Amino acid sequence: MSDIVADLLRLSEDPKADPRTRRRQTMERLVQTLLAMANAEMGSEDSLRRRSIIHLTTIIREMTGRIAEADVATFSATVSEAAMLIRSLQRRQADAARFTVH
């Protein structure tokens, strides 16, 4: 998960894909990213955080169609907020890893 935010924001490689399809792909990557991060939250004290991530992921998954059809400003704001959330979760996981004894 080193640079998952860059992967999330990278649009479709298919030059024939329409904007709605590229947006859907971006939102699908967001959902996959958040699910992977939720799966990484395995400690008992991380249970609430994990449930919160899964709840947010479910909301995004259910709204993917509406988000993909939103105007450019709304879509961009949604992706920017998601990117900030993912960065925050990555930082938190990195901080927690420093204190984990293997």
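Is threonine 57 buried or exposed, and what is its relative accessible area? Here is a friendly walk through the model, with that residue taken up in point 5.

1. A word on the model first. This is a predicted model, in which local features need pLDDT of at least 70 and side-chain atom pairs count only at pLDDT 80 or more, while totals for chains, interfaces and linings use all residues. Residues are numbered from 1 along each chain as its sequence is written, and side-chain values use heavy atoms, with hydrogens and water left out.

2. The protein has four helices and zero strands, giving the pattern α-α-α-α along the sequence. Helices (H or I, at least four residues) and strands (E, at least two) are DSSP runs, numbered from the N terminus. Of the contacts (heavy atoms within 4.5 Å) with a separation of 6 or more, 69% join residues 24 or more positions apart.

3. Now look inside. Buried residues make up 29% of the 102 residues; buried means under 20% relative accessible area, exposed over 50%, and partly exposed in between (1.4 Å probe, protein chains only). The largest nonpolar core has 14 residues, and Met27, Leu30, Leu34 and Ile60 have the most contacts inside it. Helices H2 (19–40), H3 (47–68) and H4 (72–98) each supply at least two of its residues, with the largest share, six residues, coming from H2. Such a core is a set of buried Ala, Val, Leu, Ile, Met, Phe, Trp, Tyr and Cys residues joined through side-chain atoms within 4.5 Å.

4. The pairing of H2 with H3 deserves a look. Their axes come within 9 Å and cross at roughly 175 degrees, which means that H2 is roughly antiparallel to H3 (a label for angles over 145 degrees). Axes are lines fitted to C-alpha atoms, for helices over the stretch in contact, and angles run from 0 to 180 degrees between N-to-C directions. Among the residues making this contact are Leu34 of H2 and Thr57 of H3.

5. Back to the opening question: threonine 57 is buried, with a relative accessible area of 1%. Threonine 57 lies in helix H3, and its side chain reaches the backbone oxygen of isoleucine 53 at 2.7 Å. Leaving aside neighbours within four places in sequence, threonine 57 is in contact with Val31, Leu34 and Leu35.

Key
Polar contact = N/O pair within 3.5 Å; in protein donor to acceptor, adjacent residues only side chain to side chain. Parallel < 35°, antiparallel > 145°, perpendicular 65-115°, else oblique.
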